[in-house]
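Here is a friendly note to read with the model open beside you. Take the points one at a time, and look for each part in the picture before moving on.

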Amino acid sequence: MRFQVSVPEYKQVDVKLNPAKKVIDLKNAACRQLRIDPQLTKLLLNGKRLNEDSQLSRLKIAPSTVVVADYLWARQLLVWGAEGQKKLREATVFLAGAGAIGNEAAKNIAMLGVGRILIADRDRVEMSNISRMIFFKPKDLGRNKAEALAENLQRQYPYVETAAYRGKIESMPLKFYLDSQVVLCGLDNAESRIFLTQTCRKYSIPLIDAGIIGLTGRVHSYIPPDDTCPICAFPPNQYSNIVGLKNPCDAPLEQATVPSFATSISLVSAILSQEAVKVILGVEDHSKNKQWPEKSGEPLRSILFLDLKNNRYSTMKLERNTKCIVCGTEGTAKETSFRDEFPLKRLKSTHGEDEIRKKLHPNAKQLTFFLETSHGTRRMDNAMEMKKHARVGDYLRILAEQQNGELHESILHIV
Ligand SMILES: [Zn+2]
């Protein structure tokens with residue numbers, strides 16, 4: 001029997017199957033050709049759902065009948081196709097902060113189909129959070145925000161894998177950062193925001209930063225290493241003022257001095273989330289040919305300011321600040337680390353360590369190896385130890401001391 005299976009307005013494929021097969025076999029065969037996920041699809045005939053256990057011969061349907069694949073992301077395929085949806089599905093996004101922006105952004109990127117979301121926050125859920133944070137319910141009061149968000153998000157969108165880190169982002173294992181294609185920042189303090197910008201620049205991870213005060217907000221996309229970083233905007237004499245300051249949007253009730261609204265949070269987070277999608281879909285093209293694909297669009301290369309009260313929306317182009325404490329000539333992340341992949345098999349071979357030395361730092365005086373895993377950092381004192389502990393998915397961080405005493409860092413993802 002022959003069937004035509006279509007995702008309307010997107011694609012139609014021909015599937016030939018033995019009539020003794022079941023509807024589920026037809027679905028799986030069609031999904032393979034359409035390159036969509038069979039678990040997120042149902043087949044419809046004349047608007048009615050087909051029972052997946054029914055035998056095709058018993059359906060009494062005419063040959064070449066068009067069956068519609070009712071796919072979770074059918075409407076998005078119209079814009080970026082199965083290829084783009086696959087990129088979202090395979091992406092890992094790190095949400096720094098599970099407060100107002102974190103909740104909204106988590107909802108958006110989960111609905112758009114991002115496959116893995118890592119969340120970090122050290123604060124607890126309070127009653128006044130519930131009016132602005134969609135995943136927190138009264139039963140979550142007192143729980144860690146990252147854990148409550150990860151659990152409730154996963155329950156609502158079971159196709160998303162979530163992981164929570166309960167604590168300061170400064171002490172989170174480096175592997176979490178290295179695993180992420182993009183970092184979304186909705187942090188509640190400037191000190192952590194500086195740390196995050198530093199880490200993103202050093203390891204070349206795009207960062208989308210957002211903030212809200214009352215009915216005003218701002219969003220800034222940072223594609224390291226060439227873009228102007230979010231910290232460049234602060235003149236050096238203001239660092240002492242911004243470090244330690246709480247963002248009033250997520251501040252505990254006793255420290256809340258400015259209003260906060262679900263509407264401005266929602267608008268800013270929507271822009272933040274779409275910026276993340278642009279990065280996931282287009283950053284590879286951009287790094288190859290310095291152009292963003294037409295389908296996904298180009299991320300903001302300036303700060304977007306939003307004012308819901310007066311309906312004013314404007315952008316401001318940032319100038320690179322050579323005295324920036326992060327990306328300036330003396331900045332903490334003035335150097336970026338080289339990143340590449342390395343097969344576990346070759347690492348475990350007799351000459352694994354020599355190969356790394358020749359490939360990355362042939363003239364170095366000394367190399368020091370660290371293994372970065374989800375449990376944290378572990379120094380590797382010799383090649384034997386490295387071979388014993390390294391696993392696929394971990395990262396090898398190599399510090400190379402050059403003849404002139406300078407240190408260069410490289411990261412190898414073990415595949
Ligand atoms: Zn900077």
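1. Domain bounds here come from an automatic or database domain assignment. That assignment gives the protein chain domain 1 (2-72), domain 2 (82-316) and domain 3 (338-414). Taken over C-alpha atoms, the centres of domain 2 and domain 3 are separated by 31 Å.

2. Before going further, please keep in mind that this is a predicted model: local features need pLDDT of at least 70 and side-chain atom pairs count only at pLDDT 80 or more, while totals for chains, interfaces and linings use all residues. Residues are numbered from 1 along each chain as its sequence is written.

3. Now the overall picture. The C-alpha atoms of the protein chain fill a box of roughly 75 × 65 × 40 Å along the principal axes. The chain has 11 helices and 18 strands; helices (H or I, at least four residues) and strands (E, at least two) are DSSP runs, numbered from the N terminus. Of the 415 residues in the protein chain, 39% are buried. A residue is buried if 20 or more other C-beta atoms lie within 10 Å of its own, exposed if 12 or fewer, and partly exposed in between, with C-beta atoms placed from the backbone.

4. How do domain 2 and domain 3 meet? Six residues of domain 2 are in contact with 10 residues of domain 3, where contact means that the C-beta atoms of two residues, placed from the backbone, lie within 7 Å. On the side of domain 2 that touches domain 3, the residues divide into four nonpolar, one polar and one charged. For this count, Ala, Val, Leu, Ile, Met, Phe, Trp, Tyr, Cys and Pro are nonpolar, Asp, Glu, Lys and Arg are charged, and the others, Gly among them, are polar. Over the whole protein chain, 63% of the contacts between residues at least 6 apart in sequence join residues at least 24 apart.

5. Next, find the open sheet. Its eight strands follow the order β8-β7-β6-β9-β10-β11-β12-β13, with mixed pairing; two strands pair if DSSP finds at least two bridges between them.

6. Strand β6 (residues 92-96) runs parallel to strand β7 (residues 116-121), and five bridges join them. Phe94 has Leu118 in β7 as its bridge partner. Helix α3 (residues 100-112) packs on the sheet and touches β6, β7, β9 (182-185) and β10 (207-213), its direction making about 175° with that of β7. Together, β6, α3 and β7 make a right-handed β-α-β unit; right-handed means that, with the strands pointing away from the viewer, the path from the first strand over the helix to the second runs clockwise. β6 also pairs with β9 in the parallel sense, over four bridges, and Leu95 stands opposite Leu184 in β9. Glu9 counts as exposed because it has 10 C-beta neighbours inside 10 Å. Ser204, in the loop between α6 (190-202) and β10, is not a glycine either, yet has a positive phi of about 55°. With 16 other C-beta atoms within 10 Å, Ser204 is partly exposed. The peptide bond from Pro224 to Pro225 is cis, with omega near 5°, and Pro225 lies in the loop between β11 (216-222) and α7 (239-242).

7. Last, visit Leu318, in the loop between β13 and β14 (338-342). Leu318 counts as partly exposed because it has 17 C-beta neighbours inside 10 Å. Beyond its neighbours within four places in sequence, Leu318 is in contact with Thr228, Cys232, Ala233, Ser302 and Ile303.

Definitions and conventions. Axes are lines fitted to C-alpha atoms, for helices over the stretch in contact, and angles run from 0 to 180 degrees between N-to-C directions.
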